[in-house]
Amino acid sequence: VADMDSRLNLIHAYGWEETQLPMEWINDFNTSLQGITVMSNFVRKILIDNGVYIPISVCSLGINHIVDSFDNYQSSLDLKSFVFLHISSCFPRKGVEVLLNAYASAFNSDDDVSLVIKTFRNPHNKLDDLLVNFKKNKNYPHVVVIREEMEQSELISLYKKSDCLVAPSYGEGYGLPIAEAMKLGVPVITTGWGGQIDFCTSNNSWLIDYSFEYAKTHFKLYYSLWAKPSLKDLIKKMREVYTCPKDKLKSKISKAKETVDGYYTWENTVKYNKTFR
């Protein structure tokens, strides 16, 4: 941002996922910007903790692009009765390795359960290698990987065919698929740390315990931390949702939809950015 030279220089809807930022960025923000809006209270705290002292406001993100009205898409996926869904880049911080490990511990090939992973190919995506290792266990439960681009109607249909979204990430700026799933009435399991905590609570989702460890990202920031989800607790949470009584499940789904519906709209995001002080 050091070359921005307008009267007012702002960054909108900024996101970050670990506890440290490069010091050069902090200095540039404080010197060249007059303000920043961010995706979540989590990101705001990280910026402040790192020494950003210009005005920072939370604008959140919208999820009203997800409309619960697509029911005519016929999926060709061969899935079992209960479907866990994971949607991410499969970057290391998305927690796909701990997810695959927990899935193997919670279930086996005889269980009527599938794990669908919607991702895309990228240099940081090691999903194929991980699956090769995990599938050396002949009793590994059923997994389906989708790498192709999907139309919005296809993605919404995938959400609605799923019984639970699992997002054991080490850090999120916001967690858009988590909020989308909640809007569509899909139960959510996610780490109890990150931007998603703005709308995920123990009353409307299943929060995974975690412990802090040094972040292993390409920024290689020496003191930066992220939250490692507990494998033991993730196994427990996946089994809990799988066996959850319908009345308890319905209660959490209802509370989740109530939390995200109406407030998290792109119109509100625009409004908070336009009225930023």
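Contact here means heavy atoms within 4.5 Å. The model is a predicted one.

Q: Among contacts between residues at least 6 apart in sequence, what share joins residues at least 24 apart?
A: Take the protein chain and keep the contacts between residues at least 6 apart in sequence. Then pick out those that join residues at least 24 apart. Their share is 70%.

Q: What radius of gyration does the protein chain have, and what would a compact globule have?
A: The chain has 277 residues, and for a compact globule that would give a radius near 19 Å. The chain agrees with this, because its own radius of gyration is 19 Å.

Q: What box do the C-alpha atoms fill?
A: The box is taken along the principal axes of the protein chain. Its sides are roughly 65 × 40 × 35 Å.

Q: How many helices and strands does the protein chain have, and what percentage of its residues is buried?
A: The chain has nine helices and eleven strands. A residue is buried when its relative accessible area is under 20%. Of the 277 residues, the buried ones make up 49%.

Q: How are H3 and H4 oriented to each other?
A: H3 covers residues 96-106 and H4 covers residues 127-134. Their axes come within 11 Å and cross at roughly 20°. Angles under 35 degrees count as roughly parallel. So H3 and H4 are roughly parallel.

Q: Which residues of H4 meet H3, and what classes make up the contact?
A: From H3 come Val 96, Glu 97, Leu 100 and Asn 101. They meet Leu 127, Leu 130, Leu 131 and Phe 134 in H4. By class, the residues of this contact are six nonpolar, one polar and one charged.

Q: Is the crossing of H3 and H4 left-handed or right-handed?
A: Handedness describes how one helix is turned against the other. For H3 and H4, the crossing is right-handed.

Q: How do H3 and H7 lie to each other: parallel, perpendicular or oblique?
A: H7 spans residues 231-243. It packs with H3 at an angle of about 55°, and the two axes are 9 Å apart. The ranges for roughly parallel (under 35 degrees) and roughly perpendicular (65 to 115) leave this angle out. H3 and H7 are therefore oblique.

Q: Which residues of H7 make the contact with H3, and how do the residues of the contact divide?
A: H3 brings Val 98, Leu 99, Asn 101, Ala 102, Tyr 103, Ser 105 and Ala 106. H7 brings Leu 231, Leu 234, Ile 235, Met 238 and Arg 239. The residues divide into nine nonpolar, two polar and one charged.

Q: How many charged residues are in the contact of H6 with H8?
A: H6 (residues 176-183) packs with H8 (residues 246-260) at about 115°, with axes 8 Å apart. H6 gives Ala 179, Met 182 and Lys 183, and H8 gives Ala 256, Lys 257 and Val 260. The contact has four nonpolar residues and no polar ones. The number of charged residues is two.

Q: Is Cys 90 buried or exposed?
A: Cys 90 is in the loop between strand E4 (82-87) and H3. Its phi is near 65°, a positive value in a residue other than glycine. With 2% relative accessibility, against a limit of 20%, Cys 90 counts as buried.

Q: Is Lys 220 buried or exposed?
A: Lys 220 lies in the loop between strand E10 (210-214) and strand E11 (225-229). It is not a glycine, yet has a positive phi of about 50°. Its relative accessible area is 73%, and over 50% means exposed. So Lys 220 is exposed.

Q: What distance separates the C-alpha atoms of Asn 125 and Cys 90?
A: Asn 125 is in the loop between strand E5 (113-118) and H4. It is buried, with a relative accessible area of 17%. Its contacts beyond four places in sequence are Ser 89, Cys 90, Thr 119 and Phe 120. Asn 125 and Cys 90 are 35 residues apart along the chain, and their C-alpha atoms are separated by 5.2 Å.

Notes:
Residues numbered from 1 in each chain as written. Predicted model: local features only at pLDDT ≥ 70, side-chain atom pairs only at ≥ 80, totals over all residues. Heavy atoms only, no water. Axes fitted to C-alpha atoms, helices over the stretch in contact; angles between N-to-C directions. Helix = DSSP H or I, 4+ residues; strand = E, 2+ residues; numbered from the N terminus. Parallel < 35°, antiparallel > 145°, perpendicular 65-115°, else oblique. Nonpolar A, V, L, I, M, F, W, Y, C, P; charged D, E, K, R; others polar. Rg over C-alpha atoms; globule rule 2.2 N^0.38 Å. Buried < 20%, exposed > 50% of the residue type's maximum accessible area, 1.4 Å probe, protein only.
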